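Open the model in your viewer and keep the selection tool at hand.

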Amino acid sequence: MELEKQLKLLNKPAIKTVKTKYGDTYDCVDFYKQHAFDHPLLMDHNFHPKMKPTFAEINQNSYGSTTNRLPTIWSKDGGCPFGTVPVKRITKDDLIRQRELQPPEPANFDNESNNNNSEQKASSMPSNGYKRAIVRTPKELTTKFTGAGMATSLYNPHVEGKQISACRIRIENGSEILQVGWRVDPTLYGDNLTRLFIHRQVGETQCFNTLCPGFVQVNTDLPIDSSFQHISQRGVKGWEIAMYIYKDQAYGHWWLLLGDKYESIGYWPNNMFVELAQFATKIEWGGSVYSPPGVPEPPMGSSYLPIGNSTFDAYCKSIAYSNEEGNSVLLQNVYWYSDDLFAYKVLFKNLVEDTNNFLYVLYGGPGNKAQV
C-alpha cells in the first residue's frame, strides 16, 4: 500500500505516453501537474511553460562542443506536445531498488591541500565511500558565483552492484549543493547506461532528478534522466555535451541548460534555497565514484589514468563560471586533487584543437583494477 501511494504521487496522469529510441517509457505530464509543484513552497506559484531564463551574455567562445544541436531521443511516434513535460514512469521495482541509494557526498568535503596549479595532492578527508578526481575554485577566491559550465566527454565505465561512476559540475554554498552531469548508476536507474542526472543536497538530505518535488521542468524534448546514445570510444571517437547551471538574473532561479544553444531544461526555484538563494561560494568539475564498504572502487571516466591527450582521456572542457554580474569567465586558476592517486588522477591543462586553445580537466582511472 505504501508503494502504491508513492507510485500515485510520482506517476501523474499522462496526456500522452512516448518511448525513446532506447526503450525508455515517458509520460507526457501537464506542466502544471508535474511533481515539482507538490513541494509546499511551490504550491502557490506563477510559473508557466514558456518561461525562459534571463542572463547576461554567456561567453560564446568558451565551449567548443563537437555537437551543434542535441539529437532527438524519441522513436518515430515523436515526443511530448507543448504544455507537457516528459517524466519517466516509475515502477514498484524502481522504488524498492532506490531505497538502497548511496548516501550523499559529504557536504563539507573540504580539507584539500591548497595545490594552486601545482602537482596534484591526495585528500585525507573521510570520503563516505566516494573518491574524486576534480578541480575546484580556489579557497581564497572571494567571487560570488552565479553559475558554472563545461563540455564533458561521455563515457560508460563498468560498474557492478551498488557502485557508481560519474562526471559532474558541483556548486555549493554551505550545506546546500547542486550537481548536474552524467552517471552510471544501477541502483538509481536499474541499468548500466550512461544517463543525465541532476542532484540537490541540503546537509545529509538528497534528491535525484524529479524523484522528489522541487525541480521545475519546462523542456518538452529532453527528460532529466535520459540515456546518451553516443558514447566515446577511447582513442577512436569522442562524444561530448555542454552542461550549465546558471542563475537567472531576474528571478534568481538556478537553471539547467544543455548543449551549445543553451537549451533550457528546467530550474530549481529561488525560494527553495537559503544559502544558495544569492550565490555559490565553491565549484567543482570532474569525476566522482562510489563503492559501498568492502567493495572495490570502480573505474572512472575512460577507465584509464589520463595521459594529457583528449582523444584518450575523459575530460571536462573549457570550464567556466559566471560572476556576480552574471558574466561568463574562463577559469585559469584552480586547485586540483584526487582522493586516491593510485586509482585515479586529474590533470589541468591547455590543449590546442585546430587553431583554438581550450582548458581541459583530464581525469579518470581504473579504480582498484590494474590498468593494461
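Predicted model: local features only at pLDDT ≥ 70, side-chain atom pairs only at ≥ 80, totals over all residues.

Cys 316 is in no disulfide. Are these two residues buried or exposed? Cys 167 is buried, at 0% relative accessibility, and Cys 316 is buried at 0% as well.

Next, select Cys 28 and Cys 80. Their sulfur atoms are 2.1 Å apart and form a disulfide. This pair links distant parts of the chain, 52 residues apart: Cys 28 lies in strand β2 (residues 25–30), and Cys 80 in the loop between β2 and β3 (84–88). Look along the S-S bond: the torsion is about -85°, so the disulfide is left-handed. Cys 28 is buried at 0% relative accessibility, and Cys 80 is buried at 8%.

Now go to Cys 207 and Cys 212, which are joined by a disulfide with an S to S distance of 1.8 Å. Cys 207 is buried at 12% relative accessibility, whereas Cys 212 is partly exposed at 28%. The count comes to two disulfides, in the pattern 1-2, 3-4.

Last stop: select Gln 6, Leu 95, Gln 98, Leu 101 and Leu 211. Of the 13 residues lining the largest pocket, these lie nearest its centre. The volume of this pocket is about 310 Å³. Colour α1 (2–10), α2 (92–98) and β10 (205–208), each of which supplies at least two lining residues. The lining has eight nonpolar residues, four polar and one charged.

Technical notes: Residues numbered from 1 in each chain as written. Heavy atoms only, no water. 1 Å grid on protein atoms, 1.4 Å probe; cavity = no way out; pocket = protein on both sides within 12 Å on 5 of 7 lines; lining within 4 Å. Points joined across faces, edges and corners; volume = space filled by probe spheres on them. Helix = DSSP H or I, 4+ residues; strand = E, 2+ residues; numbered from the N terminus. Nonpolar A, V, L, I, M, F, W, Y, C, P; charged D, E, K, R; others polar. Disulfide = S-S within 2.5 Å. Buried < 20%, exposed > 50% of the residue type's maximum accessible area, 1.4 Å probe, protein only.
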